[in-house]
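Please have the sequence and the model at hand while reading.

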Amino acid sequence: MAATFARTVDILKAVAEPTRLRLLLLLARQELTVSDLTTILRQSQPRVSRHLKLLTEAGLVHRHQEGAFAFFRLGDEASVHDLLATLGRGLDDPEGLLAGDTERLGAVRQRRAERAAVYFAQNAAEWDRMRSFSVPDAVVERELADLLGEGPLGSVLDVGTGTGRLLELLAPRADRAVGIDASREMLQIARAKLDAAGLAQASVRQGDAYRLPVPRASFDLVTIHQVLHYLDDPAAAVREAAGVLKPGGRLAIVDFAPHEQEFLRDHAHQRLGFSAETLAGFLRAAGLRQTRLRELPPANGRADHLTVLLVLAERDVAMSQPNLVPLAAAQEL
Ligand SMILES: C[S@@+](CC[C@H](N)C(=O)[O-])C[C@H]1O[C@@H](n2cnc3c(N)ncnc32)[C@H](O)[C@@H]1O
């Protein structure tokens, strides 16, 4: 819906300051913390926080506290997204101010990705044991199979496949099953497991969840199982997954519900779980229609164990391309 005249004046007032415009152009690309923004803008934290507060109060930016970290993202107002998309495309930048921001945003992303890669490289062999920290695998797998229903699955892509557990589970029902993961060590284990299981229709390859190395609109089912909380831009990964779904194809996401196990950040968790609303927002922004949601609390009721959410969504047959503005911006990096 178009903004009213009065609201447009308010938006323009909030935007019309150099630091705030830079902040907004960055947040139009992805969610960031104050510390990320301070590094990127090379300005003091109080100054960056002051501008963020003003933008939040003006309703242009949404603040979300997760344990010790506050994440900022652009609010949902369509007119603000449109304005920034237009500005982002058309701004001349002779002093390289915005180009510098883009470069430092790239460095922030790179550092995070490296931290996660080091962690996964060190923990590949341990991973199968560590993943049972929450609801037992067997319970999650049963629920997922139930959500997917009976019958052949067609072509399956498992994003962030790790040691390939979902491929083992789903490949017997698929024409072909492909696992993508950033970590070579994880894929080594996955390959060994798939060979041992004799699953010739399953294969894995190294690749990035943000730029899946597969053709667009080519899979009937994409799964993202316990991966989104490791990503600095989970919404972009969901959009990318939507882009490789055939019309009528389905996306299944399994991840933790919001929790307070702050120590998991030391295990490369960027996000302490996701609410059902947050996941629904990622799906909507990717042009997908959510069809099912299940919540699995830890069977033993232990407070230090985590609830798991499963969501299933569908790409409508007649769906137009998902809203690609933020992803297109991210691809400049
Ligand atoms: C917690 S493991 C989950 C593995 C598997 N889906 C499972 O549930 O057993 C997360 C996996 O995501 C992978 N990963 C993290 N960031 C990634 C990225 N940007 N692109 C592809 N894989 C990524 C890691 O290498 C790791 O194998």
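Predicted model: local features only at pLDDT ≥ 70, side-chain atom pairs only at ≥ 80, totals over all residues.

Residues are numbered from 1 along each chain as its sequence is written, and side-chain values use heavy atoms, with hydrogens and water left out. The protein chain is divided into domain 1 (5-91) and domain 2 (130-331); these bounds come from an automatic or database domain assignment.

**Domains**

- The centres of domain 1 and domain 2, taken over C-alpha atoms, are separated by 29 Å.
- Domain 1 gives 11 residues to the contact and domain 2 gives 11 residues, where contact means heavy atoms within 4.5 Å.
- About 940 Å² is buried between domain 1 and domain 2, 42% of it on carbon and sulfur atoms. Buried area is the accessible area (1.4 Å probe) that two parts lose on being put together, summed over both.
- Between domain 1 and domain 2 the count is 0 salt bridges. A salt bridge is a side-chain nitrogen of Lys or Arg within 4 Å of a carboxyl oxygen of Asp or Glu.

**The sheet**

- An open sheet is formed by 7 strands in the order S6-S5-S4-S7-S8-S10-S9, with mixed pairing. Its edge strands, each pairing on one side only, are strand S6 (202-206) and strand S9 (289-296). From one strand to the next, the twist averages 15°.
- Helices (H or I, at least four residues) and strands (E, at least two) are DSSP runs, numbered from the N terminus. Two strands pair if DSSP finds at least two bridges between them.
- Strands of a sheet pair through backbone hydrogen bonds, either parallel or antiparallel.
- Strand S8 (residues 245-256) and strand S10 (residues 308-314) run antiparallel and are joined by 7 bridges. Across this pairing, Ile253 stands opposite Val311 in S10, and Arg250 has Glu314 in S10 as its bridge partner. Helix H10 (residues 184-196) packs on the sheet, touching strand S5 (174-181) and S6, and its direction makes about 170° with that of S6. Such angles run from 0 to 180 degrees between N-to-C directions, with axes as lines fitted to C-alpha atoms, for helices over the stretch in contact.
- S9 and S10 also run antiparallel, joined by 7 bridges; Leu293 has Val311 in S10 as its bridge partner.
- Why is S10 described as largely enclosed by the rest of the structure? The reason is that 6 of its 7 residues are buried. Buried means under 20% relative accessible area, exposed over 50%, and partly exposed in between (1.4 Å probe, protein chains only).

**An enclosed helix**

- Helix H3 (residues 34-41) is largely enclosed by the rest of the structure, because 6 of its 8 residues are buried.
- The buried residues of H3 are Val34, Asp36, Leu37, Thr38, Ile40 and Leu41. Their cover includes helix H2 (18-27), strand S1 (32-33), H4, strand S3 (69-74) and helix H6 (97-123).

**Salt bridges**

- The structure holds 14 salt bridges. Side chains of opposite charge can pair when their charged atoms come close.
- Glu57 forms a salt bridge with Lys53, and their closest N and O atoms are 3.1 Å apart. Glu57 and Lys53 are separated by about one helical turn, because they are 4 residues apart in helix H4 (residues 45-57). Glu57 is exposed, with a relative accessible area of 60%, and Lys53 also counts as exposed, at 53% relative accessibility.
- Arg294 forms a salt bridge with Glu143, the closest N and O atoms lying 2.7 Å apart. Arg294 lies in strand S9 and Glu143 in helix H8 (residues 137-148), so this pair ties together parts that are 151 residues apart in sequence. Glu143 counts as partly exposed, at 21% relative accessibility.
- Arg294 also forms a salt bridge with Asp146, with 2.9 Å between the closest N and O atoms. Since Asp146 lies in helix H8 and Arg294 in strand S9, the pair ties together parts that are 148 residues apart in sequence. Asp146 counts as partly exposed, at 46% relative accessibility.
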